[in-house]
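Me: I would like to check some labels against their cut-offs. Please show the sequence and the structure first.

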Amino acid sequence: MQRHHHGMTSPTTDEEVVASATEPDPAADHDWREAGEAWGHAANDWGCLFEHYATAVIGAIHHRADVGPGTELLDVACGAGLALVRAEERGATVHGLDAAEPLVEIARARLPVADIRVGSMFELPWPDASFDVVTSINGVWGGCGEALLEAHRVLRHHGWIGISFWGEGPPLDLRAVFKAYARHSPDRHFRGMKRLNDIARPGVAESMLEDAGF
């Protein structure tokens with residue numbers, strides 16, 4: 001987790017990094033609509049059967065960022081809205097964005113008065129300095145530095161960003177699963193998976209945050 005200026009970094013396994021808000025990384029070519037179609041498949045199954053796996057890391061990030069009454073929070077790649085529900089339970093005013101319309105529909109049903117939009121994390125549809133906290137639960141990966149630039153832009157001075165991603169080592173080490181997928185994937189997908197999962201290497205997430213100005 002890190003703060004917008006005056007940074008603090010503290011990884012824990014899932015892996016969680018909360019950072020405090022310097023200079024952009026050039027953009028890569030991200031097809032967020034294609035990603036949204038993929039993640040939107042079986043949206044109800046995701047929301048009902050699997051999304052809760054992240055409950056512990058959501059709680060850790062909200063605690064470290066002091067999410068509570070008066071907090072304006074944005075969750076990037078919000079999926080079916082679990083992190084938004086948890087933030088609202090703590091008293092925050094919540095906003096969300098995801099590329100998958102079916103997941104956004106579930107999030108809106110759970111939080112009918114919240115501002116939850118379909119869109120790209122590389123082009124957030126909110127003005128500069130709109131939020132006290134920006135989170136992304138397993139939504140920002142290696143090669144997504146542009147998304148962190150956008151998060152930096154919409155954060156207020158001394159705001160917090162908290163991201164999580166699959167880390168190395170127990171209890172949630174999925175490298176064996178990713179390797180099995182990689183052996184049977186087209187080359188383009190293999191290279192994409194490698195780039196995305198590079199964030200789990202020590203220091204990569206911290207470097208991405210620093211490059212984005214945190």
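Me: Why is Arg117 called partly exposed?

Reply: Arg117 has 28% relative accessibility. Buried means under 20% relative accessible area, exposed over 50%, and partly exposed in between (1.4 Å probe, protein chains only), so Arg117 at 28% counts as partly exposed. This is a predicted model, where local features need pLDDT of at least 70 and side-chain atom pairs count only at pLDDT 80 or more, while totals for chains, interfaces and linings use all residues. Residues are numbered from 1 along each chain as its sequence is written, and side-chain values use heavy atoms, with hydrogens and water left out.

Me: What makes Asp115 and Arg117 a salt bridge?

Reply: Their side chains meet at 2.9 Å, N to O. A salt bridge is a side-chain nitrogen of Lys or Arg within 4 Å of a carboxyl oxygen of Asp or Glu, so the pair Asp115 and Arg117 qualifies at 2.9 Å. Asp115 is partly exposed, at 24% relative accessibility.

Me: Why is Glu51 called buried?

Reply: Glu51 has 6% relative accessibility, so the residue counts as buried. The side chain of Glu51 forms a salt bridge with Arg110 (2.9 Å, N to O). Glu51 lies in the loop between helix H2 (43-50) and helix H3 (55-64), and Arg110 in helix H5 (residues 101-110), so the pair ties together parts 59 residues apart in sequence. Helices here are DSSP runs (H or I, at least four residues), numbered from the N terminus.

Conventions. Helices (H or I, at least four residues) and strands (E, at least two) are DSSP runs, numbered from the N terminus.
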